Amino acid sequence: MILDSVCRLCSSCCPIEVEVVDERLIAARRKSFLAPEKRLSCPKLAAAPDIVYSPLRLTTPLIKKDDGSGFRKAGWDEALDRVVTRFLRHREEYGAQSVAWLRGMAADWGAPWDYPNRLMHLFGSPNTIGNGSICFVAREFAHSYTYGAMAFPEAKNARCIIVWGKNDGNTALGAAEAISYAKEQGATLIVIDPVQTALARKADLWLQIKPGHDGLLAMAMISQIIEEKLYDAEFVEKYTTGFEQLKEVAARYPAEAVAEKIWLSADQIRDLARLYATTKPSSIIDGNGLDMHREVFDTTRAIAMLRALTGNLDRPGGDVLPQPIPLRNIQLKDRLPAGVVPITRDYPLFNAFSETWGNQVQGCLIDAILAEQPYPVKMVVVQTGNPVVTMADSTRTREAFAKLETLVVIEMFMTETAKLADVILPAASCFETTQLNRFSIRNNPMFLQNAVIPPVGDSWPNWRIVFELGRRLGFVTEFPWQSAEEAIDYQLEPAGVTVEKLRRNGSGLRIEELRYEKYREAPFKTPSGRVEFFSRRLAEAGLPGVPFSEGLGGDPISFADQSEAYPILGISGSRDIRFTNSQFRTIPSLLNAGAGCVVDIHPEDARRYDLKENDPVRIESPKGSIEMAARISTTVRPGTIRLSWGWGEHDLRGNLNTLTEDDRRGRVTGTSTSRSFMCRLRKVQQQ
Ligand SMILES: Nc1nc2c(c(=O)[nH]1)N[C@H]1C(S)=C(S)[C@@H](COP(=O)(O)OP(=O)(O)OC[C@H]3O[C@@H](n4cnc5c(=O)[nH]c(N)nc54)[C@H](O)[C@@H]3O)O[C@H]1N2
Ligand SMILES: Nc1nc2c(c(=O)[nH]1)N[C@H]1C(S)=C(S)[C@@H](COP(=O)(O)OP(=O)(O)OC[C@H]3O[C@@H](n4cnc5c(=O)[nH]c(N)nc54)[C@H](O)[C@@H]3O)O[C@H]1N2
Ligand code: SF4
Ligand SMILES: [Mo]
């Protein structure tokens with residue numbers, strides 16, 4: 001039997017076909033607009049049976065033994081009752097807000113986030129926290145503040161594509177296919193990346209920018225485009241506000257003034273600006289290389305402004321605005337008692353910008369546990385995340401999770417985070433769960449992720465765990481649903497779509513015809529109804545109305561003030577196509593199919609530190625030290641290294657976030673720079 005679904009082994013949400021025999025997943029393949037021989041295949045998806053049926057899967061609830069010596073198996077009734085007892089005890093002792101729910105990025109986006117939000121609001125805590133401050137949500141926020149929503153690059157139909165801090169060949173195969181298709185049709189490909197990725201090698205123009213300095217490049221491009229009058233004057237006149245303020249600020253960032261600081265030449269910057277502004281249509285694929293930097297908000301706001309300035313916004317082959325689906329907001333935020341502030345209260349604009357994501361500054365959770373600021377958090381439920389290795393400053397994060405009175409982890413595997421738990425609830429995989437995903441929530445079109453096989457062992461899908469917890473906490477009428485389908489139908493009701501209808505369409509459905517230039521009929525979803533080059537909202541909050549109007553706000557690189565002792569610039573990190581963040585190193589077919597935990601070092605530096613291929617290297621920052629194997633490579637510049645990402649779960653000695661900091665956070669999104677940091681190298685002396 002071949003069944004349609006969506007893959008959630010990473011956040012790309014590829015539509016897939018799954019082969020199932022006798023309720024067993026046999027194989028899975030991506031669907032694509034490309035002919036089969038041109039399609040990119042994904043090793044993670046190819047390993048789906050190994051992941052789903054891994055002998056290491058958690059298949060029964062586990063409760064920590066009273067003497068702390070490991071876990072004992074338990075039934076769902078006992079485990080859930082234990083969790084509920086803790087919820088109630090902590091509320092009684094410290095108030096409901098002392099309980100937080102932490103969401104990772106794995107497995108469910110968008111629509112299913114409403115479920116724990118609903119549960120926590122009913123319980124009385126505002127603290128459902130995501131990791132948007134380091135992932136794409138900070139960038140989505142910047143798009144929203146500029147033109148009302150996150151634009152999606154329509155690279156397939158573009159004549160010019162800028163891939164800016166993104167590595168689609170490894171991280172988003174649908175986008176990689178669109179790029180290669182456009183390139184075959186003659187599109188110009190520009191890559192802005194401090195590392196020579198496979199995509200950079202294929203590019204017509206590759207700009208090896210200094211990490212963390214993309215905002216300056218965007219401002220210099222704006223400056224050049226305005227100076228040479230290469231902008232779309234009609235669009236700017238009719239649909240934007242604040243052009244004069246932007247012009248005034250951008251004039252402070254001419255190419256000559258910026259070039260040296262960002263390791264590019266003035267000519268490179270000017271050529272880039274001209275090429276982008278004069279080739280139409282043009283789209284910008286922005287990525288996670290821009291996130292995880294303190295000034296991500298202003299950087300990606302400036303990049304968003306480039307799209308509008310050149311008239312590429314919401315045009316075919318440009319960057320297209322979503323057509324939101326009228327979805328019922330089921331979060332019940334109004335049920336929160338009045339006056340309860342979230343632990344992320346210092347970031348009110350970020351908390352409020354999206355109905356979906358809620359509170360996004362992950363680091364505030366650690367402050368609340370350790371420093372008890374703004375008040376103590378005593379219990380955390382971690383769902384679909386592995387914060388002990390994925391959050392910045394792992395030593396501090398681990399200390400916080402170990403200090404909790406109660407930790408509940410909803411997981412598929414025994415992770416570093418799960419090991420610290422009091423109760424572990426075994427989760428079903430994405431092939432065992434029906435849900436709506438990010439690309440299907442509040443966006444057109446939508447795809448349904450279908451349960452194509454039953455849950456393995458006694459694992460439960462996330463939705464079922466949340467609904468059952470809700471009911472046991474006393475919210476029986478608020479969690480009436482006995483299936484994912486019932487809940488999704490309720491969420492989708494305003495759109496007039498049902499799960500059944502989606503399934504009849506092979507799981508994918510475009511709600512309305514794809515439309516461009518929607519701003520001609522309806523205003524942008526910003527306070528002024530226009531694209532905002534200057535944001536009054538931000539200015540009134542005491543923040544720069546135009547990006548970088550107050551300068552860069554210090555060196556963007558972590559530990560830059562200690563660069564004498566730490567002279568090497570570390571780039572985090574390469575995402576391997578075989579793994580997602582900290583996941584899948586326990587799957588032999590993936591682990592053994594390529595490189596291990598390596599650090600890319602330029603041959604000049606290798607000579608300086610007397611390193612040969614595969615030599616173990618110690619990498620130190622002011623926060624700690626780790627070890628990786630040297631890979632001698634010219635993909636990085638001398639003086640910079642690229643560390644591979646996500647190995648901390650496999651071996652704590654390779655845990656990149658042992659090196660990163662969460663001490664200095666951006667004012668708007670609370671993002672700290674865990675992407676680019678100063679460090680030093682030492683050869684490990686082998687016996
Ligand atoms: N230094 C540095 N730090 C980073 C990054 C970086 O590049 N460099 N990347 C950052 C980014 S962008 C992100 S998004 C975060 C990611 O941080 P996390 O969200 O913590 O990422 P994962 O390691 O993918 O952890 C997901 C966990 O969910 C489990 N899981 C998978 N499927 C399911 C399911 O269906 N249900 C449940 N309950 N659990 C499931 C997996 O087993 C895994 O342990 O890390 C961030 N941290
Ligand atoms: N295989 C795989 N796929 C994944 C994931 C995974 O872990 N593995 N994770 C998923 C998640 S959670 C996310 S958020 C996405 C992320 O996917 P992407 O957005 O593609 O992010 P990365 O691959 O981390 O980094 C993209 C590029 O940014 C570059 N870069 C680093 N620093 C800078 C900088 O300062 N400026 C610029 N211009 N570029 C920089 C890096 O060298 C890299 O080539 O991928 C998702 N898909
Ligand atoms: S890129 Fe691979 S792992 Fe990610 S969603 Fe697509 S098929 Fe799944
Ligand atoms: Mo992410």
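Mentor: Buried means under 20% relative accessible area, exposed over 50%, and partly exposed in between (1.4 Å probe, protein chains only). Helices (H or I, at least four residues) and strands (E, at least two) are DSSP runs, numbered from the N terminus. This is a predicted model, in which local features need pLDDT of at least 70, side-chain atom pairs count only at pLDDT 80 or more, and totals for chains, interfaces and linings use all residues. Residues are numbered from 1 along each chain as its sequence is written, and side-chain values use heavy atoms, with hydrogens and water left out.

Trainee: How many residues of strand β26 (residues 640-644) are buried?

Mentor: Five of the five are buried, so β26 is largely enclosed by the rest of the structure. Thr640, Arg642 and Ser644 point one way, while Ile641 and Leu643 point the other way.

Trainee: Which strands pair with β26?

Mentor: Two strands pair if DSSP finds at least two bridges between them. Strand β22 (residues 568-574) pairs with β26 in the parallel sense over five bridges, and Ile571 stands opposite Arg642. Strand β23 (residues 598-601) pairs with β26 in the antiparallel sense over three bridges; here Asp600 is the bridge partner of Arg642.

Trainee: Which residues of helix α3 are buried?

Mentor: An α-helix has 3.6 residues a turn, so residues three or four places apart point the same way. In α3, the buried residues include Trp76, Leu80, Val83 and Phe87. The buried residues fall within an arc of 155 degrees (taken from the directions from the helix axis to the C-beta atoms), so they line one face of α3. On the other side of α3, Asp77 and Glu92 are exposed.

How values were computed:
Chains lettered and ligands numbered in written order.
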